[in-house]
Amino acid sequence: EKEVKVSIIDVHEAPVLEDGSVNYDENGVCSDSSPCVLKDLGAITTDGDYNEVLNFTLTASTKSKYPGVFDLNRQTGVLYAIVPFDYEVTDSYSLEIVVEDKYGLAVNALYTIYVKNLPEAPNAPNPQNFTIAETAAVGTTVGTIKATAEDFGNTLAYQLSGQDSDATSFKITTSGSIYLYTLLDYETQEKFVFDTIITSSNGKNATVKTVIYVADANDLDVSSILTPAGSTSMATAGDQTIIITGDNFGPSTAHLGYGKTQVEASYWNEDDRRMYTATECQVTVANTEIRCLTAEGVGHTLYWNVTVMAQNTSAWTIITKGTSTASDDFARITYTKSDVTTEYKQPVIMAMSNETNLLTVGDETVYMLATDLGPADWDFVSVYYGRSEEASTSFECTDADVVAQVSNDSQYLLSCKTEPGYGEDLWWEVRVGINARQLSDPFNAGWYKQPEVTDLYPRENFTTHGGETVTISGTNFGEIGTPISASYGGV
């Protein structure tokens with residue numbers, strides 16, 4: 001037999017990688033710095049050449065189709081995801097992979113990544129903020145919770161957390177609209193915070209911190225303005241405590257305590273158009289009471305402007321002049337439903353001097369001790385008098401002037417000059433003000449001198465049939481034209 005030798009010549013062979021697929025869950029925590037391993041392709045790739053070195057790459061079209069999604073280790077063939085998958089966005093990826101040996105022989109394989117759908121919680125911004133007017137009616141919609149179901153075909157249900165007391169003022173519909181269940185009061189509570197729970201039909205849920213801000217409105221109310229004694233009458237000298245009662249004057253919560261509420265108050269009467277400014281105003285009982293010091297002044301039917309401004313709120317004003325005109329709840333100025341007014345005290349005559357035996361020619365100075373004549377520099381004081389209480393304005397005591405303040409309780413010394421006149425049992429009246437005058441009650445004091453006869457002509461030889469003119473001379477007969485009666489007879 002003849003021995004035959006066969007030489008086997010080594011032929012370079014291309015790598016072998018079969019088409020395949022990988023299932024991978026959505027929502028993985030994948031990133032450049034912490035990629036997720038999808039498949040070790042190097043472990044399943046073969047090559048007939050001994051100890052071959054292989055290179056793994058994604059085709060240019062694959063990279064273009066899925067930019068920034070995958071990474072393939074060139075040397076090891078490990079395939080990575082560098083972003084999380086989202087089944088609802090893309091449920092599968094088709095990758096074309098090239099494996100090449102050092103001799104330039106290569107194989108293309110198609111690898112499919114199937115994204116596995118997982119039950120997901122609803123997607124909702126967190127927190128979600130809303131604002132509602134303080135004066136909103138029960139049933140008013142506050143807003144709608146923004147949320148979407150992550151899984152196709154799933155529906156959402158909404159409920160307010162039963163663990164949060166703030167949630168009791170609101171309800172929520174099946175579509176996620178929150179509406180008002182109880183009336184609001186900014187001065188009591190300016191913000192509500194609670195959790196809204198959103199549940200998907202797949203059983204997953206999300207919790208949204210819900211914040212509802214109450215928008216302050218002008219709901220000021222003034223019910224009375226009184227002195228501590230319970231009177232609407234104020235001393236004309238001013239510097240008297242006045243108590244304004246009502247509602248919604250200032251926040252009652254601790255962090256917006258009534259000590260931080262700013263208050264301004266002024267008042268006027270429509271006849272004189274004089275504006276007075278109260279001082280040292282502050283809320284002394286949260287929400288319901290303001291105290292101020294009055295200004296010196298005069299007049300009656302005084303309407304008030306009251307303005308309050310607390311931390312983080314607008315400045316609201318109420319005018320105590322009643323009006324039937326409805327005002328916008330958000331208007332900076334509103335009105336009381338009926339008039340709420342005060343007045344300065346009417347003057348009171350306490351005593352008089354130099355008021356007796358007045359000369360009928362007038363021009364005599366009389367003095368009065370009176371209260372509440374107005375400010376010390378007030379010029380609008382007048383004095384009248386007459387022969388009866390009903391006719392106490394028959395004469396004017398001219399040049400009325402406040403001479404001095406006698407005491408600190410609004411007592412003043414007033415002087416004036418009499419007019420020509422006559423009569424006894426005089427009644428006096430003081431008026432203070434320009435148009436809106438305050439009048440004193442009539443004060444009974446003094447009289448004019450009795451007439452005194454000093455001469456008579458003729459004195460004798462009157463005819464018995466009468467009708468003769470007799471001239472009587474004397475003093476204190478009154479001014480010219482004063483009616484006079486005379487009688488005579490035997491002794």
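**Exercise 1.** Find what share of the contacts in the protein chain between residues at least 6 apart in sequence join residues at least 24 apart.

*Solution.* Take contact as heavy atoms within 4.5 Å. Among contacts between residues at least 6 apart in sequence, 63% join residues at least 24 apart. The model is predicted, so local features need pLDDT of at least 70, side-chain atom pairs count only at pLDDT 80 or more, and totals for chains, interfaces and linings use all residues. Residues are numbered from 1 along each chain as its sequence is written, and side-chain values use heavy atoms, with hydrogens and water left out.

**Exercise 2.** State how Tyr-24 and Phe-85 pair, and where each lies.

*Solution.* Step 1: rings of Phe, Tyr and Trp (its six-membered ring) pair if their centres lie within 6.5 Å; planes under 30 degrees apart count as stacked, over 60 as edge-to-face and the rest as tilted. Step 2: the search of the whole structure gives 17 aromatic pairs. Step 3: for Tyr-24 and Phe-85 the centres are 6.1 Å apart and the planes at 90°, an edge-to-face pair. Step 4: Tyr-24 is in strand β1 (residues 20-25) and Phe-85 in the loop between β5 (78-81) and β6 (92-101), 61 residues apart; strands are DSSP runs (E, at least two residues), numbered from the N terminus.

**Exercise 3.** Decide whether Tyr-24 and Phe-85 are buried, partly exposed or exposed.

*Solution.* Buried means under 20% relative accessible area, exposed over 50%, partly exposed in between (1.4 Å probe, protein chains only). Tyr-24, at 23%, is partly exposed. Phe-85, at 2%, is buried.

How values were computed: Helices (H or I, at least four residues) and strands (E, at least two) are DSSP runs, numbered from the N terminus.
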